[in-house]
Amino acid sequence: MRNPGKMLMTNGPFVHKVHWPYVLVMSRGGALESPAAGLNIGSTESSIDMPPHRGLPPGPRLPGAMQTLQWMYRPIEFMERCRQRYGPIFSIRLGAARNIVVVGDPAHAMDVLSGDPEIYESGQANLLFRPVLGRNSLLVLDGGQHMEHRRIMLPNFKAGHVQTYSEAIERAVRRRMADWPMDEAFPLAPEMQAITYEAISRVVFGDKVDERGERLATLAGDMMDRCASVFTMLPPLQVELGGMSPYARLLKVVDEIDRLLFAIIKERREDPLSPLRDDVLSLLLRAELEDGSPLGDRAIRDEILTMIMA
């Protein structure tokens, strides 16, 4: 299963953006405030084998454990079946003692996702990714910290930079397509993944992509594949077992990524031409926090991995 999407935690619920327009809203004990108050979310019953709480939208009456398994292995198919039967807003049970409302209507989904960031927090719901992304990642920060790091990242997406990125993507596509066979079927998914990670390497590191950048692209694909597995990222399964568990193997990949990234960051800091470059790494090296201090190597590493995963 691929990474289902973006999560948002709130003082009442967390919100998890999956295959558009599906958004999951889970209660933490309080009712949702505007703009999603009409969803009437506010229950965390003690048994996952109970049907949806009275007052929530309708949903399947299967035991929560069975619903959880369907979500783990076939999330999109599971939600599509529920939507066809119960309508665009329905309730399901996932995990331990949680009622979840699934919003499958585009307008309501946008209401939730564009809600007040002081209410709709993302970091707490994404903490399971912190061992990979790091504590400075936009995806695990909330409130003022999130806004500060968002401010730092925004210059990377100005119009001029985006044009440069599109050119890098085009070059990556052309290079990869030059080796495609003619009049012969071949697997397309690995090619798309290779194009994606080559383009990311060019955007992040600019034209100074050596064999380490190519190795990073390979490791990034490996990391994403491992993070996509529920048997790796579920918190109860985040144990190393002497280096033999799926989670431990993921951490080995992340460790190798870190060694390469920190070496590249160190070299780029010492490069006198870095202030003249406009790739993401060079921009992050020039970025400053609100107190005027520069980003540390760890923060830069975390933001680069966030771009790869997001």
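1. Is C82 buried or exposed? C82 comes out as buried, at 4% relative accessibility (buried is under 20% relative accessible area, exposed over 50%, partly exposed in between, with a 1.4 Å probe and protein chains only). C227 is buried too, with 4% relative accessibility. As for disulfides, the structure has zero (a disulfide being a pair of cysteine sulfur atoms within 2.5 Å).

2. A word on the ground rules. This is a predicted model, in which local features need pLDDT of at least 70 and side-chain atom pairs count only at pLDDT 80 or more, while totals for chains, interfaces and linings use all residues. Residues are numbered from 1 along each chain as its sequence is written, and side-chain values use heavy atoms, with hydrogens and water left out.

3. Helices here are DSSP runs of H or I with at least four residues, strands are runs of E with at least two, and both are numbered from the N terminus. Helix α7 covers residues 189-205, 17 residues in total, and spans 24 Å from first C-alpha to last, close to the 24 Å expected at 1.5 Å a residue (the expected span is 1.5 Å times one less than the number of residues). Its buried residues are E191, I195, Y197, E198, A199, S201, V203, V204 and F205. Just past the end of α7, G206 has a positive phi of about 75°.

4. L281 belongs to helix α11 (residues 280-286), and L281 is buried, with 0% relative accessible area. V204 is also on the buried list for α7.

5. On to charges. The salt-bridge count is twelve, where a bridge is a side-chain nitrogen of Lys or Arg within 4 Å of a carboxyl oxygen of Asp or Glu. R212 and E267 make one of them, with the closest N and O atoms 2.8 Å apart. This pair joins distant parts of the chain: R212 is in helix α8 (residues 211-227) and E267 in helix α10, 55 residues apart. R212 is buried at 19% relative accessible area, while E267 is partly exposed at 43%.

6. R301 and D258 form another salt bridge, closest N and O atoms 2.7 Å apart. R301 lies in helix α12 (residues 297-309) and D258 in helix α10, so the bridge ties together parts that are 43 residues apart in sequence. R301 and D258 are both buried. D302 joins in as well: D258, R301 and D302 are linked in a network of salt bridges.

7. For a local contrast, look at R226 and D222, whose side chains meet in a salt bridge at 2.9 Å, N to O. Both residues lie in helix α8, four residues apart, about one turn of the helix. An α-helix has 3.6 residues a turn, so residues three or four places apart point the same way. R226 is partly exposed at 26% relative accessibility, and D222 is partly exposed at 27%.

8. Aromatics next. The structure holds one aromatic pair: W180 with F186, tilted, at 5.2 Å centre to centre and 50° between the planes. The rule is that rings of Phe, Tyr and Trp (its six-membered ring) pair if their centres lie within 6.5 Å, with planes under 30 degrees apart called stacked, over 60 edge-to-face and the rest tilted. W180 is partly exposed at 21% relative accessibility, as is F186 at 28%.

9. L234 sits in the loop between α9 (230-233) and α10 (246-270) and is partly exposed, at 33% relative accessibility.

10. Finally, the backbone. Most residues other than glycine have a negative phi. Which way does phi of D183 go, positive or negative? Phi of D183 is positive, near 55°; D183 lies in the loop between α6 (159-177) and α7 and is exposed, with 83% relative accessible area. L241 also has a positive phi, near 50°. L241 is in the loop between α9 and α10, and is exposed at 62%.
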